[in-house]
Amino acid sequence: MQRLFPRRPAAHSVLFLAARLLAACLIGLVLARPALAADEDGYELWLRYRPLPATARAQLQDSAAAIVTLAPDSPTVRAARAELQRGLAGLLGRTPATPAAAIAATRLAAGSVVLARAADLPPSFAGQARLRALGPEGYLVQRTRLRDADVILIAANADTGLLYGSFAWLRALQTGTGAADRDLARIELASSPALPRRILDHWDNLDRTVERGYAGESIWNWWELPDVIDPRTTDYARANASLGINGAVLNNVNAKAAVLSAPFIAKAAAVAGVLRPYGMRVYLSVRWSTPLELGATKTADPLDPAVAAWWRAKADELYAAIPDFGGFLVKANSEGQPGPQDYGRNHAEGANMLARALAPHGGIVMWRAFVYNPASHPSQNNDRAAQAYEQFKPLDGSFDANVIVQVKNGPIDFQPREPVHPLFGAMPATPLMMEFQITKEYLGFATHLAYLGPLFEEALRFDTRAGGAAAPALTVAQVLEGGHDVAKVGGIAGVANIGSSRNWSGSDFDQANWYAFGRLAWDPLGDSRAIAREWAAQTWSTDARVTEPVTALMMRSREAVVDYMTPLGLHHIMGTGHHHGPAPWIDDLERPDWNPVYYHRAGRDGIGFERGAAGSKAVFQYAPEVARRFADPATTPSELLLWFHHLPWDYRMPSGRTLWQELVAHYDRGVAEAAALQAGWERVRPLVDARRGGDVAQRLARQHADAVWWRDACLAYFQHVSGLALPPGTRAPAHPLEYYQALRFPFAPGHG
């Protein structure tokens with residue numbers, strides 16, 4: 001039947017049309033914005049191996065079809081080959097073939113990636129001389145002709161060099177994609193480490209707690225070892241090998257005697273077995289009084305023959321279980337730890353006794369110089385910053401050849417900023433090892449973004465002027481390399497920030513500090529900005545819209561922390577024990593030099609610790625040229641002013657402001673910079689995966705709030721002790737001083 005009236009659209013049809021229109025609009029919006037990245041949890045660190053851009057893959061389309069090993073088979077060669085397979089599969093979207101060794105011995109396919117030691121290459125190979133100069137850990141990567149085929153050659157003198165070269169090439173593939181004119185198929189690399197010892201110090205306790213660790217429990221599950229080995233241990237080794245880190249001290253410097261018992265040696269041996277193919281040696285922190293505590297001797301006197309005999313036997317036992325055991329790290333006569341001074345002996349006598357037990361096996365002793373005024377060895381100088389120099393400088397040349405004195409980067413304790421330790425350059429007859437703290441005990445833990453690359457670089461490039469005004473520069477990096485004496489080459493160590501957190505370090509950005517330490521351990525004169533960009537490209541994205549702003553955020557972050565925590569050379573004004581948050585008012589601890597008031601000495605007359613001629617004279621422990629610069633407030637860098645000088649509040653700064661006005665300005669700048677970090681990340685966040693992007697955003701919000709807390713609490717206190725009004729226009733603290741003094745944090749992580 002013909003309808004007299006047209007049919008009215010049903011209600012559901014109208015809704016359907018509206019829904020289609022809305023969907024079209026939403027699709028348009030989605031297409032107009034960048035594709036959302038898949039969520040990640042940070043476990044892969046900088047070894048993510050995400051697909052290269054199409055143009056980069058095209059450059060490599062005729063390369064990496066196969067991985068050929070000319071070097072004899074070994075666990076390390078297998079590790080290198082496996083990493084190349086993993087990396088290229090991710091970067092290129094296809095897994096390279098691995099021909100049998102018999103085939104590889106007769107012919108090579110064009111475009112193959114070839115792993116070969118110098119001994120496996122023909123004498124006519126043009127790079128032989130260059131290879132020899134690179135030493136046992138160096139590597140050479142180049143496009144070359146080999147057996148009538150055009151190949152990518154990864155060559156080295158030893159298997160570990162092949163591993164390092166493989167990681168270096170994969171890194172170059174990932175980070176080189178930003179250069180449009182760079183042919184990834186023709187990357188050439190040649191490098192060798194400046195220092196032979198590049199070590200992570202784990203402050204991990206045997207119960208899996210981690211002192212000054214903010215990333216969960218220890219990755220060493222001592223209870224389950226040696227029977228159960230976490231696969232995570234292999235990934236830990238891979239990450240370190242990718243940076244050239246070649247050693248790990250497994251346990252806390254505040255060591256327990258039990259770590260040298262047979263059960264724990266077996267546990268350490270199990271870990272060593274996993275790390276060994278990746279070029280890493282295991283070391284142990286040892287407690288000085290171990291034989292006494294275990295009931296094996298009646299004393300721990302290093303000159304007692306029975307004590308020396310016990311340590312020799314223990315060294316034999318260790319090397320029987322761990323043939324490539326690295327040696328001992330020792331904290332002695334420091335912060336209540338026992339040591340040779342308990343028996344009237346000095347540090348050299350103690351270190352040498354242990355060194356002689358290890359020497360037949362090729363082991364070393366890393367003897368820490370972090371000591372200050374023990375009851376058994378009272379100091380003539382009540383300045384804690386001067387006391388390590390006072391104890392160790394007279395012993396220069398007294399240590400055995402396999403003893404390395406391990407010195408913190410600064411003379412107090414891993415502060416946001418310290419001057420370089422005066423022992424660097426002052427002990428030319430003794431190998432020295434730099435000790436950095438990667439875990440941020442005093443820089444906001446895993447909560448705040450504080451990229452430490454600039455801190456490491458600042459210390460390593462400092463010119464000690466140890467040779468005098470007319471002599472060439474002698475940087476701290478050169479001191480570690482032995483100066484002009486190859487027999488005095490030391491090393492570099494970093495207190496690890498690694499834990500059981502899924503992302504390893506508690507926050508994604510704290511991974512960058514592990515990365516920067518490793519890269520600068522390999523090349524102490526590396527550029528921290530270039531390293532930050534390199535890390536960002538591998539960890540977040542090769543997109544310049546990500547790498548450039550992320551690098552910029554990282555490079556401004558440490559100075560922001562200094563400004564809102566300890567500007568102008570202030571130091572050690574953190575809360576008691578846990579070191580969380582500001583507490584410049586504390587003055588009731590057992591030792592004077594545990595109290596913040598000891599370090600800032602603020603009062604009506606001014607602020608700062610006088611270390612010049614009118615004070616402790618610690619400034620004169622530096623070489624004369626440096627001492628003259630630091631002794632005069634007018635020539636002391638403003639960032640270290642209150643470290644070296646006690647000055648009146650109205651002291652005129654180079655800016656024209658008074659010291660009080662300058663201090664307030666720095667605190668305000670630190671808060672503003674924390675806000676800028678937060679805002680900067682929000683601009684990057686849409687370009688990265690939601691999970692990691694959100695986590696960083698939360699932490700930066702907390703950092704900004706903490707910066708305000710630091711600023712307000714410190715200004716409230718310094719205003720109270722100085723009696724000064726805040727400069728005009730300055731925001732007053734949100735609360736009275738008593739509010740901040742009443743805050744307590746009994747369960748802060750990382751303490752103990």
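In what order do the 5 strands of the open sheet stand, and what is the sense of their pairing? The order is E1-E2-E4-E3-E5, and the pairing is mixed. Strands, like helices, are DSSP runs numbered from the N terminus (H or I over at least four residues for helices, E over at least two for strands), and two strands pair if DSSP finds at least two bridges between them.

The structure is a predicted model, in which local features need pLDDT of at least 70 and side-chain atom pairs count only at pLDDT 80 or more, whereas totals for chains, interfaces and linings use all residues. Residues are numbered from 1 along each chain as its sequence is written, and side-chain values use heavy atoms, with hydrogens and water left out.

The protein contains 23 helices and 13 strands. Its radius of gyration is 29 Å, close to the 27 Å given by the globule rule for 752 residues, so the protein is as compact as a globular protein of that length. This radius is taken over C-alpha atoms, and the rule is 2.2 Å times the number of residues to the power 0.38. The C-alpha trace spans about 110 × 75 × 55 Å along the principal axes.

Confidence is expressed as pLDDT, the predictor's confidence in each residue, from 0 to 100. The mean for the protein is 92, and 92% of its residues reach 70 or more.

Strands E3 (residues 139–146) and E4 (residues 149–156) pair in the antiparallel sense over 8 bridges; Tyr 139 has Ala 156 of E4 as its bridge partner. Helix H3 packs on this sheet, touching E1, E2 (113–117) and E4, and its direction makes about 175° with that of E1. Helix H6 also packs on the sheet, where it touches E2, E3, E4 and E5, at about 120° to the direction of E4.

The axes of H3 (residues 75–92) and H6 (residues 159–175) come within 8 Å and cross at roughly 10°. Axes are lines fitted to C-alpha atoms, for helices over the stretch in contact, and angles run from 0 to 180 degrees between N-to-C directions. H3 is therefore roughly parallel to H6, a term for angles under 35 degrees. Residues making the contact include Leu 84 and Leu 88 of H3 and Phe 167 and Trp 169 of H6.

A closed barrel of 8 strands, with parallel pairing, runs E6-E7-E8-E9-E10-E11-E12-E13. Its twist averages 25° from one strand to the next. Strands E8 (residues 281–286) and E9 (residues 327–330) are parallel and share 4 bridges, with Leu 284 opposite Phe 328 in E9. E9 is joined to the parallel strand E10 (residues 364–368) by 4 bridges, and Gly 327 stands opposite Ile 364 in E10. Helix H15 (residues 511–522) lies across E6 (198–201), E12 (432–437) and E13 (491–495), at about 150° to E6.

Technical notes:
Parallel < 35°, antiparallel > 145°, perpendicular 65-115°, else oblique. Contact = heavy atoms within 4.5 Å.
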